[in-house]
Structures are given as structure tokens and as C-alpha cells.
Amino acid sequence: MRSDHYRNEVAQRHRRRSRLSAVPPEDPSISSDREFDVTSALTLPGAGQLGSDPQLPAGSQPLPFELDHLLARRVPGLIATRRHIHSHPELSGTEFETAALVARELSLAGLHPRLLPKGNGVICDIDGRPDGPVVALRADIDALPLTDAKDVPYRSTVDGVCHACGHDVHTTVLLGVGMLLAQLADAGQLDGRVRLLFQPAEEILPCGSLEVIEAGGLEDVVQIFALHCDPNQPVGKVGLRVGPITAAADNVTVRLSGPGGHTARPHLTVDLVDALGRLVTEVPALVSRRVPANSGLLLVFGHAAAGTRNNVIPSEASASGTLRVMDRDTWELAPKIVSQVVRDVIAPTGATVDLEYLRGRPPVSNDARAIDVLTAATAAALGPEGVAETPQSMGGEDFSWYLEHVPGALARLGVGRTGPNVDLHRPTFDVDERAIPAGVRVLVQTALRALAAAR
């Protein structure tokens with residue numbers, strides 16, 4: 001079926017020269033003419049034959065109900081889906097086609113997804129035992145306002161928009177989890193309900209996680225889990241940590257105003273360029289002196305602007321940046337501290353100050369029991385060597401808002417490539433796609449163990 005308003009047809013999702021593999025006729029997984037079955041048999045150029053025995057990581061445990069064989073057949077299609085999402089990124093709040101793709105793939109797997117009220121996110125329950133617990137798994141689906149600088153066939157086709165944080169991988173992994181757990185539920189082997197949350201707007205404020213919560217995404221949920229790409233870890237490793245794993249992150253914007261004037265007579269006006277210089281150089285250091293050193297507070301201005309002519313003192317100037325802090329208590333005090341320091345620094349210049357402090361997200365603080373579940377799941381999925389320690393990051397993640405309501409944990413999925421790794425939020429960021437089946441196995445094992453532990 002073709003859609004007039006949505007151009008994610010099968011032929012576009014999969015790379016050119018894809019072909020149907022020679023699958024044994026007795027294999028029931030492609031015995032129908034449904035799109036889900038047909039696309040699962042597609043291979044990327046150079047891919048091996050599908051339907052062969054899966055190669056499990058050393059020391060790992062097989063998934064129940066022959067799900068490893070199903071995953072092996074799905075991997076080429078999942079990679080193709082990731083590449084399609086990567087080449088068709090959508091900015092935060094406008095993820096309508098990505099959400100439609102997700103909903104369609106889940107429907108083809110026999111599930112019943114529902115769109116968020118705005119249509120840019122998806123919630124989907126996989127129903128197992130009706131009296132069992134509910135465990136949630138979350139993926140964020142938005143991209144960043146960056147120009148893709150990679151020379152790859154799946155390079156972004158949207159000017160100035162790029163999946164430079166791995167959300168295309170998060171989305172694809174959770175789709176793979178949905179496909180496998182749907183089979184388990186159909187077989188009566190799912191001991192409860194698993195809720196898939198495909199969340200918009202993780203990269204902006206206000207956070208998309210709040211939209212999901214408002215739409216009922218956490219109703220009856222006893223635990224929630226998520227993976228985030230980590231280019232500093234190789235494929236086959238998952239970084240785990242009890243307690244804070246990210247920092248709090250807020251947005252700060254300062255607007256300065258004055259009468260303006262001639263650069264020949266700064267004494268007759270307010271020199272806003274001088275005031276702006278004091279703001280961006282003095283305020284960050286002074287703010288950090290008002291809090292304990294171990295709180296890890298970091299204020300960095302990423303944008304500053306003033307004036308248009310070399311001989312005109314402007315009447316307006318502005319700077320905006322992010323405040324990040326590791327400690328929750330210090331995060332609570334940060335707005336008052338920043339406001340006081342900004343006004344103290346600017347007061348001698350005579351400029352008028354308008355401060356906008358936008359609350360972002362608290363630190364993600366992983367629940368100890370949820371980390372126990374993830375640790376056991378990672379060891380089962382990738383072998384004991386797959387479990388790795390990870391430090392607290394200064395990055396922010398709105399997964400923290402879910403943890404304000406229910407216990408859970410965020411883990412770091414190794415996606416590091418051979419050679420020099422490129423950090424997140426860079427226009428050349430890419431992943432080792434072997435991380436996709438690794439992530440699927442980890443989250444499937446996590447869901448099953450979380451359901452069993454919550455009984």
C-alpha cells in the first residue's frame with residue numbers, strides 16, 4: 001500500500017540492489033505475503049544468507065523460543081530501517097514521518113501502536129499475561145540541527161538536520177525488540193506487558209518525555225529502561241552505573257539592553273559589547289565559586305551576539321548557554337545563584353538585564369535494583385565480558401523525568417567504530433551497526449528479567 005502523504009515505502013526503506021534470499025521453503029516465517037514477512041527476507045548487498053544459525057556472543061545465553069533465529073533473519077531489515085531513518089531525520093517536535101514509520105512497522109508485527117496526541121511519538125503495549133506487571137522500554141526518535149558531513153550512502157537528505165546522537169539506532173533497536181517480543185506474546189510466553197515508548201523531542205526544552213508521561217506512558221509501569229549510544233565503548237559492551245549517570249542540564253539566556261551610541265563616546269552611553277564580554281568570561285567562574293567543587297557545576301555559553309557595525313555601540317546584546325551540574329541539591333539552587341551572579345557582574349556597566357532561566361532536566365539517577373536487572377540481562381545477552389562500568393557524564397538526558405515517577409535505569413550501548421571514534425553531536429558521528437542486534441538482545445533480556453523480578 002502506498003501513502004500519498006508519507007513516502008517511506010518498502011522500496012525506499014531498503015537499499016538498491018537488495019534481493020530476496022534463498023530461504024528454505026519449510027521456514028514458516030516468510031510463508032505469507034504480508035509486507036512484514038517479505039521485508040524480513042531482504043538482505044543488504046554483501047550480506048550473508050538469512051536463516052542461518054545465529055552466532056551468539058561468547059558466554060551469552062540464547063533467547064527463549066528460538067528468538068535468536070528470528071533476530072538473525074531480521075538484522076538486515078533492521079539495518080536498512082536504521083539507514084532510512086538516518087537519511088530522513090526530523091527535528092525535535094516534528095518527528096511525524098518517523099513516528100508513522102514506527103507505528104506501521106509495529107502494526108505489521110501484529111501490535112497495536114497509538115500515536116501521541118501531536119502525532120510525533122508512539123506508545124505500544126505488547127500484551128502477555130494479563131495479570132502480569134508492566135515494564136517500559138524507551139527510545140528517543142528526534143535528530144539534531146546539524147549538517148551531516150559523512151560520505152556514506154545513507155547520509156542525511158535533509159539540509160541542516162542529522163542523527164548525530166544515535167537516536168536512529170535507539171529507534172531501530174526498540175523496533176527489533178517489539179518484533180521479537182510480539183512473537184513471544186503470540187506464543188503465550190510473555191509473563192506480563194511490555195510498553196514501548198518512542199519519544200519525541202529529547203534534544204530540546206520542554207522535554208518530550210513530559211509529553212509521553214502526560215499521554216499515559218507510565219500508567220501501571222513498575223520499571224523503565226533505556227539504552228543510549230556510547231561511541232567510547234566498543235560493540236559488545238554496555239556501560240552500567242548505580243546512581244547518577246548524567247548531569248542536570250538547564251538553558252540560560254541573558255539579554256542586555258542600553259541606549260546605544262557612537263564608539264567615539266562610550267562614556268555617554270552603555271557599552272554593551274564590554275558588558276557582554278564580562279558576562280561570558282566572568283559569570284561562569286563566579287557561579288562555580290558559589291557551590292561545592294564536587295557538585296561539578298559547569299556553565300558554558302554557546303552563543304553570544306552584539307552589534308552590526310564597527311563604529312556603533314549596539315542597544316541590544318545577548319548570550320545563551322547551558323548550565324550542567326552533577327548534584328541534584330545544587331541543581332535546585334542553580335537558578336537563584338545564576339541570577340544573582342549575572343546581576344552583580346552587569347550592575348557596574350549600567351546595562352539592563354533580562355535573564356531567562358529555563359529548567360531542563362535533573363540528573364538521570366539509576367535505581368540499584370534496575371541496574372541489577374540490566375547487569376544480569378547484559379551478561380545473558382552479550383556474555384559476562386559485556387558488562388562494563390561507566391562514569392557519570394556531564395551530558396543531560398530527559399529520561400530523568402521518567403525516573404521521577406517510577407524506578408528504572410539508563411545504560412550506555414557500545415557503538416564504537418574501528419579507528420578514531422567521533423563523539424556525539426558531531427556532524428561526522430556514525431556507529432558500528434553490529435550494535436543494533438546487540439542492543440535488541442540486551443533489551444529483550446532486560447524486559448524478560450524485569451517482568452520475572454516484578455512478579
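Asn 120 sits in the loop between strand E3 (114-115) and strand E4 (122-127), where helices (H or I, at least four residues) and strands (E, at least two) are DSSP runs numbered from the N terminus. The model is a predicted one, in which local features need pLDDT of at least 70, side-chain atom pairs count only at pLDDT 80 or more, and totals for chains, interfaces and linings use all residues. Residues are numbered from 1 along each chain as its sequence is written, and side-chain values use heavy atoms, with hydrogens and water left out.

Despite its place in a loop, Asn 120 is buried, with a relative accessible area of 0%; buried means under 20% relative accessible area, exposed over 50%, and partly exposed in between (1.4 Å probe, protein chains only). Its side chain reaches the backbone oxygen of Gly 93 at 3.2 Å, and a polar contact of 3.2 Å links it to the side chain of Glu 95. A polar contact is a pair of N or O atoms within 3.5 Å; within protein, one must be able to donate a hydrogen and the other to accept it, and residues adjacent in sequence count only if both atoms are side-chain atoms. Neighbours within four places in sequence aside, the residues in contact (heavy atoms within 4.5 Å) with Asn 120 include Phe 96, Ala 99, Ile 141, Pro 200 and Glu 211.

Ile 141 also turns up among the residues touched by Phe 198, along with Val 102, Leu 106 and Val 122. Phe 198 and Leu 181 have the most contacts inside the largest nonpolar core, which has 65 residues. Such a core is a set of buried Ala, Val, Leu, Ile, Met, Phe, Trp, Tyr and Cys residues joined through side-chain atoms within 4.5 Å.

Next comes helix H7 (residues 272-288), whose 17 residues reach 24 Å from first C-alpha to last, close to the 24 Å expected (1.5 Å times one less than the number of residues). Buried residues of H7, including Leu 276, Leu 279 and Val 283, pack against strands E10 (248-257), E12 (298-306), E13 (312-313) and E14 (316-325), and against helix H8 (328-346). Val 283 has a relative accessible area of 0%, and its contacts beyond four places in sequence are Arg 278, Leu 299, Val 341, Val 342 and Val 345.

A few backbone details stand out. Most residues other than glycine have a negative phi, and most peptide bonds are trans. The bond from Leu 205 to Pro 206, however, is cis, with omega near -5 degrees, and Pro 206 lies in the loop between strand E6 (193-199) and helix H6 (208-214). Ala 201, in the loop between E6 and H6, has a positive phi of about 55 degrees and is buried, at 1% relative accessible area. Glu 66 has a phi near 60 degrees, but Glu 66 is exposed, at 54%.
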